[in-house]
Amino acid sequence: PPAIAMAPASLHYARALARFPSVTHALTAGALYGSGDFVSQMLEKSCGVESTGKQGYNVHRTLRMASFGACFAGPIVRVWYGVLPTIVSHTRAALPLVESYRPVGFLSVFKRMYRLKGSFVHTEKLREVAVMLVADISLFQLPFLSFYFSVIGLMEGLSLPVSWDRCRKDFGEVWKFTLAFWIPLQMMNFLVVPSRFTAFTANACNGVFTATLLSLYRHYRDY
């Protein structure tokens, strides 16, 4: 079965994360961002929204995205999701304790998928996920989006003022879309994904969001 076939791969990846965390995160993010741009260029071609004057596949663009993933996204995401549990623990210490259990019916399907034990989700876990979600969106995802726009502009050869102006324009248009994309995904990431794979999941989603969805949006808008 596919689940059994995936098990050795996940074990090997977990071992690589344990032995070489920085390199593994960097290479993973580079591959994810590069793959995301490849998919984006294929979709842009099929939808007829390619850049003006573009002839053939833009290899440099894919390499630029892969470089951003390997040099920036991978290391930054690794550091952030290493620090996030500390932020959550300090925040939880300042909040009143909740000792009761509460059934959460809509999570039952995820509990079965990921073989989570118990018939109830502890309200402490839900509070922890809520704190992680608020911290992640406000302190990381939205600032990281601005960072992405700015750095990609510089990597494309734009001057710093021009890159910043484009960043402000793009951020103003997509921040609501960013919230709609990340809130449900990160809630599931924090709730059901093992903590050692949290950064990988976030990088995979970032590759899809920035390298594919945002690129498609900008091409539909501009071309």
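Modeller: A search of the whole structure finds 19 aromatic pairs, where rings of Phe, Tyr and Trp (its six-membered ring) pair if their centres lie within 6.5 Å, and planes under 30 degrees apart count as stacked, over 60 as edge-to-face and the rest as tilted.

Biologist: How are the rings of phenylalanine 72 and phenylalanine 147 placed?

Modeller: Their centres are 5.7 Å apart and their planes stand at 70 degrees, so the pair is edge-to-face. This is a predicted model, in which local features need pLDDT of at least 70 and side-chain atom pairs count only at pLDDT 80 or more, while totals for chains, interfaces and linings use all residues. Residues are numbered from 1 along each chain as its sequence is written, and side-chain values use heavy atoms, with hydrogens and water left out.

Biologist: Which helices do phenylalanine 72 and phenylalanine 147 lie in?

Modeller: Phenylalanine 72 lies in helix H3 and phenylalanine 147 in helix H5 (residues 123-155), so the pair ties together parts that are 75 residues apart in sequence; helices (H or I, at least four residues) and strands (E, at least two) are DSSP runs, numbered from the N terminus.

Biologist: New topic: is tyrosine 57 buried, exposed or partly exposed?

Modeller: Tyrosine 57 has a relative accessible area of 33%, so it is partly exposed, given that buried means under 20% relative accessible area, exposed over 50%, and partly exposed in between (1.4 Å probe, protein chains only).

Biologist: And where does tyrosine 57 lie?

Modeller: Tyrosine 57 sits in the loop between helix H2 (21-47) and helix H3 (59-94).
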